[in-house]
Amino acid sequence: LTSVTIGNSVETIAYNAFFDCYRLTSVHISDLAAWCNIDFTNSHSNPLSIASNLYLNGEMITDLVIPEGVADIKAYAFSSCTGLTSIEIPNSVTSIGSSAFDGCTGLTSIEIPNSVTSIGEWAFSGCTGLTSIIIEEGNSKYDSRNNCNAIIETGSNMLIAGCKNTIIPNSVTSIGDYAFYG
């Protein structure tokens with residue numbers, strides 16, 4: 001198996017569905033909103049864990065623009081998609097799942113809109129190229145105060161995700177699990 005096309009009707013991909021498919025190089029889709037809503041059971045249920053490249057209507061996605069109307073970016077949705085260099089998230093998104101962008105080594109910056117009220121564990125872990133993290137002003141749950149280049153849970157003052165250029169503000173009282181992993 002070197003290439004796989006995932007249809008728009010797929011809602012769930014079960015545990016380890018693409019485990020050991022080491023020759024897989026590309027994943028093809030025709031509906032990005034449908035892709036964002038797939039329930040991946042674990043990282044090996046997503047074919048991107050090996051293929052690393054996602055194609056939308058035959059074009060490799062490097063500058064990811066999540067479609068308006070998508071409310072949730074499910075767990076593992078873009079995990080290990082190393083071809084991504086940027087992400088644009090609309091205000092319709094309220095939730096970013098666990099490991100949603102884990103291992104996206106090509107990402108250099110991320111801006112999270114004020115509509116996002118849930119960010120899962122390891123959402124941006126292993127993003128080794130990430131140099132800028134910005135939370136849009138007015139977010140009720142998260143912030144990136146003092147241009148710190150990190151995601152801070154406002155209520156607890158816990159830094160949950162950082163990057164190469166993070167400056168930990170004095171107001172941070174704890175650093176969360178895997179905050180700087182990778």
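**Entry 1: the whole chain**

Helices (H or I, at least four residues) and strands (E, at least two) are DSSP runs, numbered from the N terminus. With that settled, I looked up the overall make-up of this predicted model. The protein comes to two helices and 17 strands.

Along the principal axes, its C-alpha atoms fill a box of roughly 50 × 30 × 25 Å. The radius of gyration is 16 Å, and this agrees with the value near 16 Å that a compact globule of 182 residues would have. I also checked burial: 49% of the 182 residues count as buried.

**Entry 2: a sheet of four strands**

I then turned to one of the sheets. This one is open, has four strands in the order β1-β3-β5-β6, and its pairing is mixed. Which strands sit at the edges? They are β1 (3-5) and β6 (59-60), each of which pairs on one side only.

Inside the sheet I followed β3 (residues 26-29) and β5 (residues 54-56), which pair in the parallel sense over three bridges. If you want a spot to look at, find Ile29, which stands opposite Leu56 in β5.

**Entry 3: a cavity**

Rolling a probe the size of a water molecule over the atoms shows where empty space is left. How many cavities of 30 Å³ or more does a search of the whole structure find? I noted one. The space in the largest cavity is about 40 Å³.

Ile29 turns up again here, as one of the residues that line the largest cavity. Sorted by class, the lining has six nonpolar residues, three polar and one charged.

**Entry 4: two salt bridges**

Side chains of opposite charge can pair when their charged atoms come close. I searched the whole structure for salt bridges and found two.

In one of them, the side chains of Lys74 and Asp39 meet at 3.3 Å, N to O. This pair links distant parts of the chain, 35 residues apart: Lys74 is in the loop between β8 (72-73) and β9 (86-88), while Asp39 is in strand β4 (residues 39-40). Are these two residues buried, exposed or partly exposed? Lys74 has a relative accessible area of 24%, so it is partly exposed. Asp39 is partly exposed too, at 38%.

The other salt bridge joins Arg145 and Asp143, with the closest N and O atoms 2.8 Å apart. The cut-off for buried is under 20% relative accessible area. Arg145 counts as buried because its relative accessibility is 18%. Asp143 counts as buried as well, at 16%.

Last, I looked up backbone angles. Asn57 has a phi near 50°, a positive value in a residue other than glycine.

At 65% relative accessibility, Asn146 counts as exposed.

Definitions and conventions:
Residues numbered from 1 in each chain as written. Predicted model: local features only at pLDDT ≥ 70, side-chain atom pairs only at ≥ 80, totals over all residues. Heavy atoms only, no water. Pairing = 2+ DSSP bridges. 1 Å grid on protein atoms, 1.4 Å probe; cavity = no way out; pocket = protein on both sides within 12 Å on 5 of 7 lines; lining within 4 Å. Points joined across faces, edges and corners; volume = space filled by probe spheres on them. Nonpolar A, V, L, I, M, F, W, Y, C, P; charged D, E, K, R; others polar. Salt bridge = Lys/Arg side-chain N within 4 Å of Asp/Glu carboxyl O. Buried < 20%, exposed > 50% of the residue type's maximum accessible area, 1.4 Å probe, protein only. Rg over C-alpha atoms; globule rule 2.2 N^0.38 Å.
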